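Please keep the sequence and the model in view while reading.

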Amino acid sequence: MTGLAAAVVAVGVGAAPPATAEIVPMAPHEKSFASPFGGFTVGTRDETINRMPPINMVGTTREALVSLVSYASIDGPAGGVLRTGYHVGCAVAVTLATLGSQSEELQGYSFTPGSTTPLNLNGFLAPEPLATVNLAPGEVKEVQLAEKELIPGKTVSTIIRDFHLIVNSCEGPVTIREYAYVYAKSAEVDDSGAIFGDPAWL
């Protein structure tokens, strides 16, 4: 195991976040768009993020309960949908791989995954099980929470209470950001618009 891998194991697996919860209120957002069929408005309000210690007490896991209200109104002869959710970004993805999953790198040596018998690699004994840490660039995922059909001349909304977000195998900060998209459709024109909340960390 390299020094970097050992450091990641020590920090990511051995250290657990403090056992405290924190509720963070977020600012509301709203935006209006002009369109050939009339126009539309999309917004979010009453967003809170309740950061919680992970139930597995592992430093590479994050948990939170998120709540928010999204809404949209449409003017003119058009329909469509309001979609609401979160973008979730991880800085560095961490995976553990045992020696048994890397047999292609140890051609000429026989072993049984999970065995306690040491391996003899060029005269050196390697105790089982042997683990390595794979680091990969983090990703941004889209998590859709709700979808609501638009009604011309009306304001529609979705109310989300305590949706449970869980992010596993992430070393470093996890950032989340709400979104609300409007996809409008009339007989002549398809149109769309969106608003995004302020980023928050878990």
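Leu65 has His164 in strand E10 as its bridge partner, and this pair belongs to the antiparallel pairing of E4 with E10 (residues 155-167), which extends over 11 bridges; two strands are taken to pair if DSSP finds at least two bridges between them. The model is predicted, so local features need pLDDT of at least 70 and side-chain atom pairs count only at pLDDT 80 or more, whereas totals for chains, interfaces and linings use all residues. Residues are numbered from 1 along each chain as its sequence is written, and side-chain values use heavy atoms, with hydrogens and water left out.

**The chain as a whole**

- The chain contains one helix and 13 strands, where helices (H or I, at least four residues) and strands (E, at least two) are DSSP runs numbered from the N terminus.
- Of its 202 residues, 38% count as buried, meaning under 20% relative accessible area with a 1.4 Å probe and protein chains only, while exposed means over 50% and partly exposed lies in between.
- Among contacts (heavy atoms within 4.5 Å) with a separation of 6 or more, 73% are between residues 24 or more positions apart.

**Strand E4 and its other partner**

- Strand E4 (residues 62-75) is largely enclosed by the rest of the structure, because 13 of its 14 residues are buried.
- Strand E3 (residues 38-52) also runs antiparallel to E4, joined to it by 12 bridges, and within this pairing Val42 has Ala72 of E4 as its bridge partner.

**Glu63 in strand E4**

- Glu63, which lies in strand E4, is buried yet has no salt bridge, the nearest side chain of opposite charge being that of Arg62, 10 Å away; a salt bridge requires a side-chain nitrogen of Lys or Arg within 4 Å of a carboxyl oxygen of Asp or Glu.
- The side chain of Glu63 does make a polar contact with the side chain of His164, at 2.5 Å, such a contact being a pair of N or O atoms within 3.5 Å, of which, within protein, one must be able to donate a hydrogen and the other to accept it, and residues adjacent in sequence count only if both atoms are side-chain atoms.
- Beyond four places in sequence, the residues in contact with Glu63 include Asn50, Met52, Pro54 and Leu165.

**Val156 in strand E10**

- Val156 is placed in strand E10 and counts as buried because its relative accessibility is 6%.
- Leaving out residues up to four places away in sequence, Val156 touches several residues, among them Tyr71, Ala72, Leu82 and Leu150.
- The C-alpha atoms of Val156 and Val81 are separated by 9.7 Å, although the two residues are 75 residues apart along the chain.

Key
Lys, Arg positive; Asp, Glu negative; His and termini not counted.
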